[in-house]
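Me: I have a structure on screen and some labels I want to understand. Can we go through them one by one?

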Amino acid sequence: MKKKIYLLAAILALFTIGHVFADPVDESYDEYYDEYDEDDYYDEDDYYDEDDYYDEDDYETDGSESSFRSDFLVDNYGLLDGYQEEVNGYLEEISDEFGIGIYIITIYDYRKVADSIEKASEKIFDMYGLGLGSERSSLLFLISMDDRSFDLDAYGLARGAFDGDSRRDELKDAFRYDFGKDDWYSGIVHYIDKVYDILDTDRSNGVDYEQVLITRQNDGIRMNVIIVVGIALIVALIIAGAGLSAERKRMKNVQFASEADSYMGEKGVLFSEKNDIYKYSTTYTRTIETSRSGGGGGGGHSHSSGHF
């Protein structure tokens with residue numbers, strides 16, 4: 001009985017571990033993006049008509065100039081009237097220097113695009129085809145003026161630079177004070193300066209964003225393995241403990257006897273099990289080489305949103 005209980009627990013633990021490792025850890029970040037085909041996921045004609053989301057009358061404020069749209073700044077709200085060309089130039093220089101698209105987009109109300117500002121960022125990311133390089137690396141600063149909300153959306157290699165609470169807090173602190181006083185230009189400039197400082201510092205320190213993302217992914221997989229194995233062991237111990245408890249209850253009426261005959265049943269001794277014992281055995285081992293491949297990396301959007 002005990003052997004069966006331990007065997008069941010071992011099988012459960014091995015099955016759980018095997019299930020985790022069935023999905024191999026991918027070592028190639030580039031392969032993830034090599035497999036990405038924008039046409040497979042996004043067809044602009046399917047769901048996007050610019051007129052459905054962007055009405056010039058919605059985004060202009062009293063006395064503002066017409067909205068501004070360029071490669072890196074899309075100021076639908078007219079927040080940076082008089083400074084739009086200058087700001088777009090800053091964003092373009094940084095983007096070209098580091099290979100990560102740094103974008104700022106202002107709108108009147110994100111709810112005209114999606115039911116959350118995070119979803120709005122992702123939809124706008126596809127609408128405008130944002131991102132540089134095969135990874136479509138991008139840091140989008142979306143500003144929604146109706147409820148004074150914002151979202152920082154990092155994608156591709158930008159996640160290696162701007163993931164993490166400390167980095168996001170640095171970016172937020174750069175513009176929030178100025179935005180609180182409705183000083184939009186100063187807030188934007190301080191934000192851009194902070195983005196540059198972070199990227200330049202990482203470059204000076206030799207930070208490889210691709211490797212950062214691979215390391216984070218593998219760390220996450222290891223942590224998941226530890227959690228799953230721990231759960232499997234706990235379940236196995238519970239099963240084994242329940243089995244042993246039941247076995248003890250069955251043995252409560254057992255008593256010692258002083259003579260061997262007392263242990264025999266009415267029909268005498270019955271041999272119900274036979275074992276063949278071998279003194280020697282020979283094992284032959286053959287190694288079979290295998291290889292693992294597939295997409296990987298740190299794809300997906302990473303958001304940090306709030307209000308000002």
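Me: What makes R136 count as buried?

Reply: Its relative accessibility is 9%. Buried means under 20%. The value falls under that cut-off, so R136 counts as buried.

Me: How do you know that R136 and D126 form a salt bridge?

Reply: Their side chains meet at 3.7 Å, N to O. The limit is within 4 Å, between a side-chain nitrogen of Lys or Arg and a carboxyl oxygen of Asp or Glu. The pair passes, so it is called a salt bridge. R136 lies in the loop between α8 and β4, while D126 is in helix α8, so the pair ties together parts that are 10 residues apart in sequence.

Me: What is there to say about the phi of R136?

Reply: It is positive, about 55 degrees, although R136 is not a glycine. Most residues other than glycine have a negative phi. R148 also has a positive phi of about 55 degrees and is not a glycine. R148 lies in the loop between β4 and β5. That hairpin has four residues between the strands.

Me: Why is R148 called partly exposed?

Reply: R148 has 26% relative accessibility. Buried needs under 20% and exposed needs over 50%. The value sits in between, so R148 is partly exposed.

Me: Which other salt bridges can I look at?

Reply: The whole structure has 11 salt bridges. One of them joins D115 to K119, with the closest N and O atoms 3.5 Å apart. Another joins D163 to R159, at 3.2 Å. D163 and R159 are both buried. Salt bridges that share partners also join E97, D200 and R203 into one network.

Me: Which way do β4 and β5 run, parallel or antiparallel?

Reply: Antiparallel, with seven bridges joining them. S144 stands opposite S149 in β5. β5 and β6 are also antiparallel, over seven bridges. There, the bridge partner of Y155 is H301 in β6.

Me: Why is β5 described as mostly covered?

Reply: Seven of its seven residues are buried. Each is therefore under the 20% cut-off. In a regular strand the side chains alternate between the two faces of the sheet. In β5, S149, D151, D153 and Y155 point one way. F150, L152 and A154 point the other way.

Me: How many of the residues in the protein chain score a pLDDT of at least 70?

Reply: 56% of them do, and the chain averages 75. Over residues 23-66 the pLDDT is below 50, yet this stretch has 89 contacts in the model beyond near neighbours in sequence. Residues 283-298 are also below 50, with 23 such contacts. Where pLDDT is low, the predicted coordinates should not be read in detail.

Me: What are the totals for the protein chain?

Reply: There are 12 helices and six strands. Buried residues make up 37% of the 308 residues.

Methods:
Residues are numbered from 1 along each chain as its sequence is written. This is a predicted model: local features need pLDDT of at least 70, side-chain atom pairs count only at pLDDT 80 or more; totals for chains, interfaces and linings use all residues. Side-chain values use heavy atoms; hydrogens and water are left out. Buried means under 20% relative accessible area, exposed over 50%, partly exposed in between (1.4 Å probe, protein chains only). Helices (H or I, at least four residues) and strands (E, at least two) are DSSP runs, numbered from the N terminus. Two strands pair if DSSP finds at least two bridges between them. pLDDT is the predictor's confidence in each residue, from 0 to 100. Contact means heavy atoms within 4.5 Å.
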